[in-house]
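Start with the helices, then turn to the strands.

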Amino acid sequence: MEDSHLTPPHPKPEFIPQVSLLQIIGYFFFIVAIWAIPIASVLMLGIIYIKRVLIPDIQIYANPLLVVQNAFNGNVKFLLISLATPAGILLLYLFELFLVALLTKIFIGYCNYLSPEKEMVGAKGLGGDEQRDVDIYHLRGAIYRIMKWIFARCPFPWLIKWAFSFAGNNKYGKGTVLEDQYYCQEFFETGENVYIDKLAIVSSHLVEGAYGAITLKKVHVGDNCVIGANVGVSPGAFMEPNSEIVNNSMVPKFKKFKSGAKYHGIPVKKMGLEEYEQLLHLTTTDKSNPANIKQIQQNETEQR
């Protein structure tokens, strides 16, 4: 007799897309090009500068006393070059970052020519136009990630806002501050004076289900909004101006936040003013002071 409690087998899709050799070559080309071309260009310019400017008078540049002596004798050429060389190195590095962003913009433009950027909900890529859209989505993501890694680890991480605005479709309002976090790569828009704290994850894409269905929806953060530390924001979230997500919270897909409201929890829920102030007190009280321990324990008991 058949057991009615057995779970029926998960239905298999009619078609499971396979990664072709051409796709692998494409990924390899774009990734290597974004890394190699800027580095090779900067190295070539640096070698030319060293060979034509520094090498002919290397004995003087190698001895600071000779550089200063020539300056006192009226020949300031060596002093000026010595002072300008560090600035030149910095300019070459900034030029490399610009080339990374420029190549990313060109390659993203090519991807959009093959399949224009579009929002998706539950796209599995199991044939037809949807498969092409999903394939290009993955390629676009790989290209963005290379640029993100380069800019996030550079000495000027604030340039990442410019990079994603220049190369992609992200928009950042004046005064927006992004701490070290998981940077949203596309379909992300902020108003003015937005603050996103450390280790936040704001993602406009989500891969879910047995076969990796993709949801790609714009995340909008209005003027004067705050996203706290260790907060996860899912695709389709919409924050009206002056709203706040408190630390250690999780935002489900397509969540709407009302203007001026505070939210907290997993998943997030709207907080009253008293609850917000109590939570704020718990996070700011000096726990090293014995006089505060009893009050903190009492507040934690009430929270439970």
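In this predicted model, helix α4 packs against helix α6 through a defined set of residues. From α4 come L94, L97, F98, A101, L102, T104, K105 and I108. They meet L159, W162, F166 and A167 of α6. By class, this contact has 10 nonpolar residues, 1 polar and 1 charged.

Now the geometry. Helix α4 spans residues 77–114, and α6 spans 159–167. Their axes come within 8 Å and cross at roughly 30 degrees. Angles under 35 degrees count as roughly parallel, and α4 and α6 are therefore roughly parallel to each other. The crossing of α4 past α6 is right-handed.

Next, the strands. Strands of a sheet pair through backbone hydrogen bonds, in either a parallel or an antiparallel sense. Follow β3 to its partner: 3 bridges join β3 to β8, residues 219–221, and the two run parallel. Within this pair, F188 stands opposite V219 of β8.

Another open sheet has 3 strands, in the order β5-β10-β13. Here too the pairing is parallel. Its edges are β5 (201–202) and β13 (250–251). Strand β10, residues 232–233, pairs with β13 in the parallel sense over 2 bridges. There, V233 stands opposite V251 of β13.

Methods:
Residues are numbered from 1 along each chain as its sequence is written. This is a predicted model: local features need pLDDT of at least 70, side-chain atom pairs count only at pLDDT 80 or more; totals for chains, interfaces and linings use all residues. Side-chain values use heavy atoms; hydrogens and water are left out. Two strands pair if DSSP finds at least two bridges between them. Helices (H or I, at least four residues) and strands (E, at least two) are DSSP runs, numbered from the N terminus. Axes are lines fitted to C-alpha atoms, for helices over the stretch in contact, and angles run from 0 to 180 degrees between N-to-C directions. Angles under 35 degrees count as roughly parallel, over 145 as roughly antiparallel, 65 to 115 as roughly perpendicular and the rest as oblique. A crossing is left-handed if the near helix is turned anticlockwise from the far one by less than a right angle, and right-handed if clockwise. Contact means heavy atoms within 4.5 Å. Ala, Val, Leu, Ile, Met, Phe, Trp, Tyr, Cys and Pro count as nonpolar, Asp, Glu, Lys and Arg as charged, and the others, Gly among them, as polar.
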